[in-house]
Amino acid sequence: MNDAQIEASQAVNDTVSDTVNDTVSDTDARGREPIDDPQRLSDVAVQQVSQGVALDWVGMEGIALPVELAGQRIEARVNAGVSLDAPEARGIHMSRLYLALDDLTEEALTLPRLDACLARFLDRHEGLSRSASLSLEGRLLLKRPALVSDLAGWKAYPFHLEVEQRGGQRSVVLRLEVGYSSTCPCSAALARQLIQQQFNRDFAAEPHPARDEVHRWLGQESGIVATPHSQRSQVIMALRLGLEVEDVPMVEVIDRVEQSLGTALQTAVKRPDEQAFALANGQNLMFCEDAARRVHGCLMTIPGIDGFEQKVIHAESLHAHDAVARSSWRW
């Protein structure tokens, strides 16, 4: 056995001994029969692997964890792991990852606190691992006001935050989904054409119809014979955050993207709100290409974003398939 193997084996044995002693203490605190000889608890994880292979990532997925983001408690699902760079070591210390995560529940979640958590992952796997990663996913709930009335309601924004430390360098990717409404410019133009044709038919005998007569005609279903098609749409973003960023900028990104599109999905509405929403759609006619360009330009102006890729999806009401556009910058 070479020096590196001896060092890794000793680290594993020391860890198991510490873990067992902690377990014995906990057992005594619960009033159960203590174990006289901790070494009687066998642990096959300390065994050496004769023909081992280094592993890129070992850890746990789907850990439930309450965290605080944007001033609210969120039930997040966490994936946590480290590389296993010592090929002769059979495994890592899973419980050390799990216990280190508990520090993330005590205060608001920031990137420096996530950095510190990853540093603990590596400190507790010294000699075994050189890289560590952590990802959280959940749904951010934001209360959104109606367009005109005094109503308000909650909207959920799915997110996925990935943080990695490798070779002393940190990388952070924030993934967000934002919904909006899109009205097809082509169908709007075709609808206007049909309305013009209907107007010509209805007023064929009146070359100069009176204003009141035209006004009445515009308010009838028989006059407005066609409407453009709209659909619920979605932008999916992956944002690489710079090293200077400390707070996770979810709310800022969501707000600015919704403002750039102009047709954010609504929650509680009255008829004046619905009318204002129809007006916003009519003033923001968008192909998927138009929406993608708006979002691209918006993301370029947000401080702290070092690169991104984004995709807009228009789940069309005309077709049985989606219209999609993508763009990226320094990705």
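Show the surface of the protein chain. The accessible area comes to about 18,700 Å², and carbon and sulfur atoms account for 49% of that. Keep in mind that this is a predicted model.

Now switch to cartoon. The protein chain has eight helices and eight strands. Of its 331 residues, 40% count as buried. Take contacts between residues at least 6 apart in sequence: 67% of them join residues at least 24 apart.

Next, select residues 185-202. This is helix α4, and Ile-195 sits in it. Is Ile-195 buried or exposed? Its relative accessible area is 18%, under the 20% cut-off, so Ile-195 is buried.

What does Ile-195 touch beyond its neighbours within four places in sequence? Show Trp-217, Gly-223, Ile-224, Val-225 and Ala-226; Ile-195 is in contact with each of these. Then draw a C-alpha to C-alpha distance from Ile-195 to Val-225. It comes to 5.9 Å, although the two are 30 residues apart in sequence.

Move on to helix α6, residues 250-261, and helix α8, residues 288-300. They pack at an angle of about 140°, with their axes 9 Å apart. That angle makes α6 oblique to α8. The crossing of the two helices is right-handed.

Show side chains at this contact. From α6, pick Val-253, Arg-256, Val-257, Ser-260 and Leu-261. From α8, pick Ala-291, Arg-294, Val-295, Cys-298 and Leu-299. Colour them by class: the contact of α6 with α8 has seven nonpolar, one polar and two charged residues.

Note on methods: Residues numbered from 1 in each chain as written. Predicted model: local features only at pLDDT ≥ 70, side-chain atom pairs only at ≥ 80, totals over all residues. Heavy atoms only, no water. Axes fitted to C-alpha atoms, helices over the stretch in contact; angles between N-to-C directions. Helix = DSSP H or I, 4+ residues; strand = E, 2+ residues; numbered from the N terminus. Parallel < 35°, antiparallel > 145°, perpendicular 65-115°, else oblique. Left-handed = near helix turned anticlockwise from the far one by under 90°. Contact = heavy atoms within 4.5 Å. Nonpolar A, V, L, I, M, F, W, Y, C, P; charged D, E, K, R; others polar. Buried < 20%, exposed > 50% of the residue type's maximum accessible area, 1.4 Å probe, protein only. Areas by Shrake-Rupley, 256 points an atom, 1.4 Å probe, with all protein chains shown as cover.
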